[in-house]
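Here is a short briefing on one structure. Look over the model first, then read the points by topic.

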Amino acid sequence: MIAQRSPEFDLSEIVALAREAGAIAMRHFRRVGSDRKADNTIVTQADRDIEQFLVDELTRRYPHHGILGEEGAHVQREAPHQWVLDPIDGTSVFAAGLPVWAVCIGYMVDDRPVAGVVYLPITGDCFVAAPEGPALLDDRPLTAASPAPYT
């Protein structure tokens with residue numbers, strides 16, 4: 001079901017990139033130390049390696065798109081089509097060796113969120129949202145729960 005394609009990008013390619021980025025993260029998991037960025041947040045070599053991998057691949061596949069990465073990537077920031085990257089969402093828990101973190105890739109057009117992929121390598125879960133259909137978890141549509149009555 002993820003084989004959705006739009007004129008701007010191929011969502012199945014983005015899911016595959018997120019999975020490849022997750023494999024890079026797994027090679028570092030529980031084997032990497034952390035540093036502090038200028039803003040005092042934690043960064044690891046895994047963050048840097050994944051962001052560079054994603055920047056290289058997205059630039060090759062979508063040369064007219066911009067990229068904004070949490071670890072400092074800024075490519076064609078004025079382009080209307082932008083990829084927004086968080087190579088490891090949850091870097092501090094990743095660095096601590098805890099298994100609750102994800103690779104996040106977002107897509108925006110004219111500063112408006114359009115699609116996104118959140119991949120959790122530890123569990124293999126992949127959440128996908130795009131304008132063409134329902135949000136998905138591993139190819140299964142997600143449904144919103146009815147709000148519980150307030151008591």
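The largest cavity has a volume of about 30 Å³, where volume is the space filled by probe spheres set on grid points joined across faces, edges and corners. A cavity here is a set of points on a 1 Å grid over the protein atoms alone where a 1.4 Å probe fits but cannot get out, and lining residues have an atom within 4 Å of a point. The model is predicted: local features need pLDDT of at least 70, side-chain atom pairs count only at pLDDT 80 or more, and totals for chains, interfaces and linings use all residues. Residues are numbered from 1 along each chain as its sequence is written, and side-chain values use heavy atoms, with hydrogens and water left out.

**Cavity**

- A search of the whole structure finds one cavity of 30 Å³ or more.
- The lining of the largest cavity consists of Phe9, Leu11, Ile14, Trp83, Ile105, Gly106, Tyr107, Ala115, Gly116 and Val117.
- Helix H1 (11-28), strand S6 (102-109) and strand S7 (112-120) are the elements that give two or more residues to this lining. Helices (H or I, at least four residues) and strands (E, at least two) are DSSP runs, numbered from the N terminus.
- By class, eight lining residues are nonpolar, two are polar and none is charged. Ala, Val, Leu, Ile, Met, Phe, Trp, Tyr, Cys and Pro count as nonpolar, Asp, Glu, Lys and Arg as charged, and the others, Gly among them, as polar.

**Aromatic pairs**

- The count comes to seven aromatic pairs. Rings of Phe, Tyr and Trp (its six-membered ring) pair if their centres lie within 6.5 Å; planes under 30 degrees apart count as stacked, over 60 as edge-to-face and the rest as tilted.
- Phe9 and Trp83 have ring centres 5.5 Å apart and planes at 80 degrees, so this pair is edge-to-face.
- That pair links distant parts of the chain, 74 residues apart: Phe9 lies in the segment before H1 and Trp83 in strand S5 (residues 81-89).
- Phe9 is buried at 4% relative accessibility, and Trp83 is buried at 1%. Buried means under 20% relative accessible area, exposed over 50%, partly exposed in between (1.4 Å probe, protein chains only).
- Phe29 and Trp101 have ring centres 5.4 Å apart and planes at 50 degrees, so this pair is tilted.
- The Phe29 and Trp101 pair also links distant parts of the chain, 72 residues apart. Phe29 sits in the loop between H1 and strand S1 (34-36), Trp101 in the loop between helix H3 (91-95) and S6.
- Phe29 is buried at 7% relative accessibility, and Trp101 is buried at 2%.
- One aromatic cluster is formed by Phe9, Tyr62, Trp83 and Tyr107.

**Helix H2**

- The 17 residues of H2 (residues 45-61) should span 24 Å at 1.5 Å a residue, and the end C-alpha atoms are 24 Å apart, which agrees. The expected span is 1.5 Å times one less than the number of residues.
- Buried residues of H2 are Ala46, Asp47, Ile50, Glu51, Phe53, Leu54, Val55, Glu57 and Leu58.
- At the start of H2, a side-chain oxygen of Thr44 comes to within 3.2 Å of the backbone nitrogen of Ala46.

**Positive phi in loops**

- Arg30 is not a glycine, yet has a positive phi of about 65 degrees. Arg30 lies in the loop between H1 and S1 and is exposed at 58% relative accessibility.
- Asp110, also not a glycine, has a positive phi of about 50 degrees. Asp110 lies in the loop between S6 and S7 and is exposed at 57% relative accessibility.

Key: Polar contact = N/O pair within 3.5 Å; in protein donor to acceptor, adjacent residues only side chain to side chain. 1 Å grid on protein atoms, 1.4 Å probe; cavity = no way out; pocket = protein on both sides within 12 Å on 5 of 7 lines; lining within 4 Å.
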